[in-house]
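Biologist: I have a model open and some labels to question. Can you take me through them?

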Amino acid sequence: MMTSKNQGTYTNIKIDDNNRFLYMFYAYGSSIAGWNHCRPVIAIDATFLKSKYRGVLMISVSKDANNQIFPLAFGIAESENNNSYEWYFSQLRNAIGSRENLIFLSDRHQAIANGIIKVYPESHHGICIYHLEQNLKRRKVKSEVIKLFQSATRVYRRKEFDIYMSDIANADKKTYDYLMEEPPKRWARSCSPRRRYDMLTTNIVESMNSVLLEARELLMLRMMDLIQVKLQHWFYERRNKAEGTFYDVSCWVEEELKKRIDLAFTLNLKKKE
C-alpha cells in the first residue's frame, strides 16, 4: 500500500526464522528524490516507542537548501544494537545510496558507529557536541572549562582550536585527556576532514523526535499513518512555497544575503594612510 500510493517509496521488513517481526525500514519517495538537493550530512538517532510492544524508532534527517529539517528515513527495531543498526544502514544505503563527502552525525552510541563503519565505510562519522558537553557536566567539569570546550568545537581555524585546547589542558588535564580519547576530527569543526555545514549537534533529529511524541505512543501501523500525514503536510506546504518563489536561491539564502547586504551598508570605509 505504501509503495503503491507513494511513487518511489522504499520499504523492507525483516522477520526471524519463526516468521516473527524483527525490523522495518521505510523512506518515502519524496524524501529519496529530495535527498540529492540536501546537504550531505545525515543526523541519526533512535527514540523509545511507548505502545505496549515497545521497541525503538530510528530516524534519519538532513537539512534542505532552505535550512529546514528534511526527514529521510525511519526504522523500527526491538532495541539499539549492532544487528539492528547494521540492517538499518544497509536499507538506508539501498534507499538513498551514498554521496561524495557524506557525513553522519550521532551521539556516541557504539552500535551506530559500528553500523556506519560496516555499511558506509567511505563516510565520515562525527559526534554531537551537545552530548559530549553533557558528559562533561556529568563529570562535574568546571563551567570555565566547558566554555573553553564550546569555543574549541566551533572555531574554524586549527590554530585557534589548539589555543583553546591548550587552555583546557592547563586548567584541567583530566578533562583534556578525556576529550582527546575521542579524535578531534569527530567533534571539532576545525579538525573535521569534511564540511559539516554548521551542523555540530543532532538537534534536528531531536526536534523530529519531539514532533513525533504523540505518534510514538501508538501501535506501529497507526504511528506510521500519523508520520505520513505530518510529512505529507510539510512537503505540500514547502512545494507550494517553492513554486511561488522566483529567486535563483532558496528563500532562506535570499534572506541571509539581504541581512548581510544591509549590514554592509552600515560599514564605513577608511582610506589607508
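Modeller: Start with pairing: two strands pair if DSSP finds at least two bridges between them. Keep in mind that this model is predicted.

Biologist: What makes strand S4 and strand S5 a pair?

Modeller: Pairing needs at least two bridges. Strand S4 (residues 56–63) and strand S5 (residues 69–77) have eight, so they pair, in the antiparallel sense.

Biologist: Why is the aromatic pair of Tyr 23 and Trp 87 called tilted?

Modeller: Ring centres must lie within 6.5 Å to pair. Here they are 5.5 Å apart, with 40° between the planes. Stacked needs under 30 degrees and edge-to-face over 60, so the rest, this pair included, count as tilted.

Biologist: What does this pair tie together?

Modeller: Tyr 23 is in strand S2 and Trp 87 in helix H3, so the pair links parts 64 residues apart in sequence.

Biologist: How do you know whether Tyr 23 and Trp 87 are buried or exposed?

Modeller: Buried means under 20% relative accessible area. Tyr 23 has 7%, so Tyr 23 is buried. Trp 87 has 12%, so Trp 87 is buried too.

Terms used
Residues are numbered from 1 along each chain as its sequence is written. This is a predicted model: local features need pLDDT of at least 70, side-chain atom pairs count only at pLDDT 80 or more; totals for chains, interfaces and linings use all residues. Side-chain values use heavy atoms; hydrogens and water are left out. Rings of Phe, Tyr and Trp (its six-membered ring) pair if their centres lie within 6.5 Å; planes under 30 degrees apart count as stacked, over 60 as edge-to-face and the rest as tilted. Helices (H or I, at least four residues) and strands (E, at least two) are DSSP runs, numbered from the N terminus. Buried means under 20% relative accessible area, exposed over 50%, partly exposed in between (1.4 Å probe, protein chains only).
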